[in-house]
Amino acid sequence: MKLVTHGATMRFGGLVAVSDLKLEIDKDEIVGLIGPNGAGKTTAFNMITGVYEPTEGRVVFEGEDITGKAPHRITKAGIARTFQNIRLFSTMSVVENVMVGSTVQEKPGWFTSVFGLPGARKRAKEAREFAMDLLQETGLAEFADEQATSLPYGKQRRLEIARALASRPSLLLLDEPAAGMNPQESLELMDFIHHIRDRFKLSILLIEHHMQVVMGVCSRMYVLDYGVTIAQGTPDVIRRDPKVIEAYLGVD
């Protein structure tokens, strides 16, 4: 089992943002996490990635309890994420943004880095080559030396995913990757998500409001409403569930 949450609960004072969350994500799965705004989806991501320590419950990844561990330690363990609002380094180039993503797996080498010794130059060369390989895989190689924020919106989304892939994760969390995309970009994103899952042998947990995307790429889905899991199952099961139709898809 890749990831399991055992009754993960997050309280903020008297507000229960997520209650008794029980997610299971297996190897190579693409799993969706959906629900209306304020349902607790991003809070669930934050518990998994160490931004929040659950008030109750546990998060177990690859058999290891990672509950409450620091985000950089969880990233090093093999979980990477993107964000609902794009967070690129605006003053860096496309390739430099991806290179930053790979530093979490590097061993400390401050002495060689400060003094520009051959070991540091070798690591920098390898990091750039690895970043360029990722840009090639994500269709961004031709933009490598351009400023990251000069890219069109859809390509900035891809760049953020490429940067997450640079940490060599086995589980990738995508927070609304189709947000702000036009219909054509959304269709291309579906193929892209399948491509990176197959190419990098990943499991993917996906938050998404775009129903065509989430229904098209996910084998299973969980539905949150007011922090409570109200349904889980295949896309066919979810789209027919009366609670989901009322809470998320609309009673009509």
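Predicted model: local features only at pLDDT ≥ 70, side-chain atom pairs only at ≥ 80, totals over all residues.
Residues are numbered from 1 along each chain as its sequence is written, and side-chain values use heavy atoms, with hydrogens and water left out.

Trainee: Why is Pro71 called partly exposed?

Mentor: Its relative accessible area is 39%. Buried means under 20%, exposed over 50%, and partly exposed in between (1.4 Å probe, protein chains only), so Pro71 is partly exposed.

Trainee: Which residues does Pro71 contact, leaving aside its neighbours within four places in sequence?

Mentor: Pro71, in helix α2, is in contact (heavy atoms within 4.5 Å) with Thr49, Gly50 and Val51. The C-alpha atoms of Pro71 and Thr49 are separated by 5.7 Å, although the two residues are 22 apart along the chain.

Trainee: Which residues meet where α3 and α6 are in contact?

Mentor: Val94, Asn97, Val98 and Gly101 of α3 meet Leu159, Ala162 and Arg163 of α6. By class, four are nonpolar, two polar and one charged. Ala, Val, Leu, Ile, Met, Phe, Trp, Tyr, Cys and Pro count as nonpolar, Asp, Glu, Lys and Arg as charged, and the others, Gly among them, as polar.

Trainee: What makes up the lining of the largest pocket, by class?

Mentor: Nine nonpolar, six polar and three charged residues form this lining. Among the elements that each supply at least two lining residues are α3 (94–102) and α6 (153–165).

How values were computed. Helix = DSSP H or I, 4+ residues; strand = E, 2+ residues; numbered from the N terminus.
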